[in-house]
Amino acid sequence: ETLLISPAERTEIVVGKFLAVSALAFGTAVWNVALMVAAVGVAQALFPHTLLSLPGLVACVLAALPVALLLAAGCLTLGVFARSTKEGNYYMVPMFFLVLPLAYWSMAPGIELDGKMSWVPVTNALLVQQRLLSVRPDPFPWVHLPAVVLSLAAVIGAALWGAVVQFRREAVLFREAEQGRGGWSLFGRR
């Protein structure tokens with residue numbers, strides 16, 4: 001109800017929430033990469049072999065941005081349905097069941113960033129990061145990067161569109177009033 005009395009439109013509120021969650025997710029990724037840079041620097045000082053590409057680690061910061069945006073959009077879209085943090089955590093489970101297999105697929109033996117894999121969201125972003133980190137003599141497959149960006153942008157856009165559509169519904173905004181009447185949930189009527 002507090003958001004409804006503000007002069008901001010519902011789309012602006014969704015964008016604000018999306019940017020806040022994205023900033024936190026991206027900050028976590030930057031912190032992760034910074035710690036990896038420090039660890040690789042120490043390891044390369046101790047061992048003469050190159051373990052990871054340090055410029056690739058820095059480039060992973062930029063490659064982490066679409067992943068952070070994707071996860072923020074997915075969490076926001078599902079989080080619109082939750083009345084509490086506990087309920088919101090339950091609603092994240094379907095997203096985990098979708099995202100985790102795609103992430104694990106990028107770690108399967110023999111999987112490379114190619115024409116087909118560049119269109120699979122999550123997997124493609126992680127394959128780009130793996131390729132940036134690896135020390136290999138062959139050139140980076142820049143030709144597949146537009147497909148990676150387009151597929152991630154399409155999923156992010158669809159998730160944000162779903163969040164805006166749900167946020168405009170009065171039934172979603174006033175769920176607390178329906179609490180005793182067996183209101184609506186992500187999984188149907190109660």
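This tour moves through a predicted model, from the whole chain to single residues.

**The whole chain**

Six helices and two strands are present, and along the sequence they follow the pattern α-α-α-α-α-α-β-β. Of the 190 residues, 37% are buried. Switch to a surface display: the chain exposes about 11400 Å², and carbon and sulfur atoms supply 72% of that area. For contacts between residues at least 6 apart in sequence, 64% join residues that are at least 24 apart.

**The largest pocket**

Next, select Ala29, Val67, Leu71, Leu126 and Gln129, the lining residues that lie nearest the centre of the largest pocket. This pocket holds about 600 Å³ of space, and its lining comprises 24 residues. To see where the lining comes from, select α1 (10–46), α2 (54–79), α3 (85–105) and α4 (123–133); each of these helices supplies at least two lining residues. The greatest contribution is from α2, with eight residues. Colouring the lining by residue class shows 21 nonpolar and three polar residues, with no charged ones.

**Helix α4**

Keep α4 selected and hide the side chains elsewhere. Nine of the eleven residues in α4 are buried, so the helix is mostly covered, buried meaning under 20% relative accessible area. The buried set consists of Thr123, Asn124, Ala125, Leu127, Val128, Gln129, Arg131, Leu132 and Leu133.

**Valine 122**

Move to valine 122, in the loop between α3 and α4.

**Histidine 144**

Go on to the loop between α4 and α5, where histidine 144 is found. Is histidine 144 buried or exposed? Its relative accessible area is 18%, and because this falls under 20%, histidine 144 counts as buried. Display the residues around it: leaving aside those up to four places away in sequence, histidine 144 touches Leu113, Asp114, Gly115 and Ser118.

**Helix α5**

Now select residues 145–167, which form helix α5. The helix has 23 residues and reaches 33 Å from its first C-alpha to its last, close to the 33 Å expected at 1.5 Å a residue. Show the side chains of its buried residues, among them Val148, Ser151, Leu152, Ile156, Ala159 and Ala163. When viewing down the axis, recall that an α-helix has 3.6 residues a turn, so residues three or four places apart point the same way.

**Valine 155**

The last stop is valine 155, within α5. Its relative accessibility is 34%, which means that valine 155 counts as partly exposed, a class running between 20% and 50%. Which residues does valine 155 touch beyond those up to four places away in sequence? They are Leu70 and Pro121. Finally, draw a distance from the C-alpha of valine 155 to that of alanine 73: the two residues are 82 apart in sequence, and their C-alpha atoms are 8.7 Å apart in space.

Technical notes
Residues numbered from 1 in each chain as written. Predicted model: local features only at pLDDT ≥ 70, side-chain atom pairs only at ≥ 80, totals over all residues. Heavy atoms only, no water. 1 Å grid on protein atoms, 1.4 Å probe; cavity = no way out; pocket = protein on both sides within 12 Å on 5 of 7 lines; lining within 4 Å. Points joined across faces, edges and corners; volume = space filled by probe spheres on them. Helix = DSSP H or I, 4+ residues; strand = E, 2+ residues; numbered from the N terminus. Nonpolar A, V, L, I, M, F, W, Y, C, P; charged D, E, K, R; others polar. Expected span 1.5 Å × (residues − 1). Buried < 20%, exposed > 50% of the residue type's maximum accessible area, 1.4 Å probe, protein only. Contact = heavy atoms within 4.5 Å. Areas by Shrake-Rupley, 256 points an atom, 1.4 Å probe, with all protein chains shown as cover.
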